[in-house]
Every structure is written in structure tokens, then in C-alpha cells.
Amino acid sequence: MASSDEEKAKSKMKLADKFFDNGDYNTAEFLYTEALKLNPKQDFVYFRRGWIYHHFKNDDRAVFEYSKYLELNPKDDMAFNNRGRAYYYLGQYEKAIEDFNKAVELNPNHKYAYRNRSEAYEKLGKYELAIDDRSRDIILGNELAINYNARGWCYINIHNYWRALSDCDKAIELAAEFASAYDSRGWAYFGLKDYESAIEDFTAAIEIDSEFRTSYYGRGKCYEILGETEKAAADLKTAEDLGFTEKDLD
């Protein structure tokens, strides 16, 4: 290959990186592809294009790009994590978990892989494993409201409502306007048959997000149990109008 092509490829890569960093992914993708044509050894192009295609919700193509990159860089933990995310959004949860496993094998302190693997385990109904991974993520220093809320939701699914309450309390402490945490805590109270407290939390979630359909449904079920039929009917109708299905509670 002529050195002039190599220099042109480097120049296009640098320019593509600038567009990528500025969020102009269409231009970045075009320039990365041009750089690859000039110099097929520019393997990081596959990584960048994988990220771009995932961003554009073209996850089949993202898997292809990350796979090409991993053929050349089989020790890159972030590439395994990112391909795992693409598999996740394709609904291929087992393949996603395989990639997240590889990411944490290569980097036991990976910033995202435990959290991502937890989400895949949740989709498969493996809540105990999901709880373990959320706990690892928290231990690694990621004390995020989303982590406590997600772990709380897993506890709800295995009927450990008191542990769920503790995690939801922590999530709300970290993010007072986090509607999902109030919704989750509402379902924990629902599981404990404390319907008045559940109504308070479902109402709080709705006040933050007026289209939070699982909270309308949960509050409606509480009113139904308490015999407040008109309120129950109104909330259940709103939940239905917002597109609620039982799958929302998975």
C-alpha cells in the first residue's frame, strides 16, 4: 500500500473522530468507511461503526461490525460488552450473556458489563443472578439510583418485598424525582398488602410522569381491592389508554 494512502486514511480517521465526538454519526460513519477503504488495517473503524449502528438501532449490523473487530482484537473487553448490548436489543439474551461473561472475564472490574448482564438475566427471569450482578456493580462504586431500583424490582419478582423496599428507598434518596423508583416501591407495598402506602407511591410516580402506565394500573388495582370502584375504573382505563399490558410488569 502506498504511504500516501496510509496518510489519507489517518487523516480521514482523525476527521471522522471529530465528527463522532460532536455527535454527527452519519458523517463519521461515511469517513470511517472511506478510511477503511484506503487502509484495511484501520481495525478500530469496525469498533466505531459498531457503536454508530447500535446508536441507529441497526443492531444486526452492529453485531457484524463488532464481530469483525473482535476477530482482530479478541482481548477487548469493551467490544464484547458492546456486542452484548447489540445482542440484548435483538432479544438474543443468551448470546448477550455470553459476551458479558467474556467482558468480565477479561476485566473483572468492568464498568458496565455487570449491569448489562443483570438486565439480560432479568429478561430471562433469572432474578437471583440479576441481583448478584447489580450488587457487584454497586460494590464497584456505581451507587446509582437505577441500580438500586433495578435490584429492588428483582426482589419484588422473587417476593422479597422488604429488601425491595430498602432498595427503592435508597434509589429515591439518590434521585428524588425518579418516577420508576416510586412505582417499584408502590409494587413492593402492594406485595405487602399495604395498599394505602402503595397508592401514595403510585401517585408520586404519576405526579412526576403523567404517562406512567404501570402506576395507573397499580393504583387502580389498589382502589379495586379497597372497594373504590370509580377510582379503580378510571385508573385502569387510563392505564389501558396508555398501552398497558401485563408484560409491563415482567
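Which residues does C222 touch, not counting residues up to four places away in sequence? In this predicted model, they are F190, Y195, A198, I199 and F202, where contact means heavy atoms within 4.5 Å. Residues are numbered from 1 along each chain as its sequence is written, and side-chain values use heavy atoms, with hydrogens and water left out. Because the model is predicted, local features need pLDDT of at least 70 and side-chain atom pairs count only at pLDDT 80 or more, while totals for chains, interfaces and linings use all residues.

C222 also belongs to the largest nonpolar core, which has 37 residues. A nonpolar core is a set of buried Ala, Val, Leu, Ile, Met, Phe, Trp, Tyr and Cys residues joined through side-chain atoms within 4.5 Å; buried means under 20% relative accessible area, exposed over 50%, and partly exposed in between, with a 1.4 Å probe and protein chains only. Within this core, I156, W187, Y217, C222 and L249 touch the most other members. Helix α12 gives the most to the core, with five residues. A second, separate core of 22 residues includes Y32, Y66, Y69 and L70. In soluble globular proteins, nonpolar side chains tend to be buried together.

Helix α12 (residues 195-208) also pairs with helix α11 (residues 179-191): their axes come within 8 Å and cross at roughly 165 degrees. That crossing makes α11 roughly antiparallel to α12, a term for angles over 145 degrees. Here helices are DSSP runs (H or I, at least four residues), numbered from the N terminus, and axes are lines fitted to C-alpha atoms over the stretch in contact, with angles from 0 to 180 degrees between N-to-C directions. The contact includes W187 and F190 of α11, and Y195, A198 and F202 of α12. By class, eleven of the contact residues are nonpolar, two polar and three charged; Ala, Val, Leu, Ile, Met, Phe, Trp, Tyr, Cys and Pro count as nonpolar, Asp, Glu, Lys and Arg as charged, and the others, Gly among them, as polar.

The loop between α11 and α12 holds K193, a residue with a positive phi of about 65 degrees although it is not a glycine. Most residues other than glycine have a negative phi. K193 counts as exposed because its relative accessibility is 61%. H159, in the loop between α9 (145-157) and α10 (161-174), has a positive phi near 65 degrees and counts as exposed at 57% relative accessibility.

Notes
Helix = DSSP H or I, 4+ residues; strand = E, 2+ residues; numbered from the N terminus. Parallel < 35°, antiparallel > 145°, perpendicular 65-115°, else oblique.
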